[in-house]
Amino acid sequence: MVTRTDIGPTTTTGGAPIIGADQTRSDGPGPEVMSAETLIGDSVVNSAGEDLGDIKAIMLDVTTGRIAYAVLSFGGFLGVGNKLFAIPWSALTLDAAEKRFILNIAKDRLENAPGFDKDHWPSMAEPSWASEIHAYYDVRPYWDDNLASVRDPRTSAGSEDSKVF
């Protein structure tokens, strides 16, 4: 059984901070490890509580094994005329108690953010586009996080037992 009694957001490296997770939990996933499927459709609000839309997709950087972006759908009516936005994962805060995300941005700034429509996705692996998105949301790109000191025991480089003699 896991018990959690801390108050406030968790500290992360390149990930989404978590708030509202200060209650006691029993065995089971979340909120630190969750199925991406459970987050699709979660609403997104700003710090003023204004509705900014909902999460449509979670994009993985397959080569690093990290979450790159959440795709936020905003505007339109019944899915028609809505605009999609790639939101850097670290720009979001998971509100576990309310089962939603918080994005610290004014609604009018989001309306003017770089976005795309469902039929014309950008090349999310294009470095200049990715840097522009991270700068717009004022977060450090996840690929700049220093993970070199983190040893992964699943790899031969991170395992003491797998040294070659």
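Guide: Contact here means heavy atoms within 4.5 Å. The model is predicted.

Visitor: Which residues does leucine 110 touch, not counting residues up to four places away in sequence?

Guide: Contact requires heavy atoms within 4.5 Å. Neighbours up to four places away in sequence are not counted for leucine 110. What remains for leucine 110 is this list: Leu52, Leu72, Phe74, Phe85, Ile87, Ile105 and Tyr137.

Visitor: How many helices and strands does the chain have?

Guide: Start with the order of the elements from the N terminus on, which is β-α-β-β-β-β-β-β-α-α. The totals are 3 helices and 7 strands.

Visitor: How many residues lie between the strands in the hairpin of β3 and β4?

Guide: Strand β3 covers residues 51–61, and strand β4 covers residues 66–74. The two pair in the antiparallel sense over 7 bridges, and leucine 60 stands opposite isoleucine 67 in β4. In this hairpin glycine 65 takes a positive phi near 75°. The number of residues between the strands is 4.

Visitor: Which residue in the turn between β2 and β3 has a positive phi?

Guide: Strand β2 (residues 43–45) runs antiparallel to β3, and 3 bridges join them. Within this pairing valine 44 stands opposite glycine 53 in β3. The hairpin has 5 residues between its strands, and the one in the turn with a positive phi, about 85°, is glycine 49.

Visitor: Which element gives the most residues to the largest nonpolar core?

Guide: This core has 36 residues, and those touching the most other members are Ile87, Leu92, Leu103, Leu110 and Tyr137. The elements giving two or more residues are β3, β4, β5 (83–88), β6 (92–95), β7 (100–103) and α3 (127–136). With 6 residues, the element that gives the most is β4.

Visitor: Is asparagine 104 buried or exposed?

Guide: Asparagine 104 is found in the loop between β7 and α2 (107–111). Leaving out residues up to four places away in sequence, asparagine 104 touches Ser47 and Ala91. Exposed means over 50% relative accessible area. Asparagine 104 has 67%, so it counts as exposed.

Visitor: What is the separation between the C-alpha atoms of asparagine 104 and alanine 48?

Guide: Along the chain, asparagine 104 and alanine 48 are 56 residues apart.

Visitor: Is the aromatic pair of tyrosine 142 and tryptophan 143 stacked or edge-to-face?

Guide: The structure holds 6 aromatic pairs. In the pair of tyrosine 142 and tryptophan 143, the ring centres are 5.1 Å apart and the planes stand at 80°. Planes over 60 degrees apart count as edge-to-face. The pair is therefore edge-to-face.

Visitor: Which of these two residues is buried, tyrosine 142 or tryptophan 143?

Guide: Buried means under 20% relative accessible area. Tryptophan 143 has 38%, so it is partly exposed. At 8%, the buried residue is tyrosine 142.

Visitor: Over which ring does the charged end of arginine 109 sit?

Guide: The distance from this charged end to the ring centre is 3.8 Å. The ring under arginine 109 belongs to tyrosine 136.

Visitor: What share of the residues in the chain is buried?

Guide: The chain has 165 residues. Its accessible surface comes to about 10200 Å², of which 54% belongs to carbon and sulfur atoms. The buried residues make up 37%.

Notes
Residues are numbered from 1 along each chain as its sequence is written. This is a predicted model: local features need pLDDT of at least 70, side-chain atom pairs count only at pLDDT 80 or more; totals for chains, interfaces and linings use all residues. Side-chain values use heavy atoms; hydrogens and water are left out. Rings of Phe, Tyr and Trp (its six-membered ring) pair if their centres lie within 6.5 Å; planes under 30 degrees apart count as stacked, over 60 as edge-to-face and the rest as tilted. Buried means under 20% relative accessible area, exposed over 50%, partly exposed in between (1.4 Å probe, protein chains only). A charge sits over a ring if NZ of Lys or CZ of Arg is within 6 Å of the ring centre and within 35 degrees of the ring normal. Two strands pair if DSSP finds at least two bridges between them. A nonpolar core is a set of buried Ala, Val, Leu, Ile, Met, Phe, Trp, Tyr and Cys residues joined through side-chain atoms within 4.5 Å. Accessible areas come from the Shrake-Rupley method with a 1.4 Å probe; for residues, only the protein chains shown count as cover.
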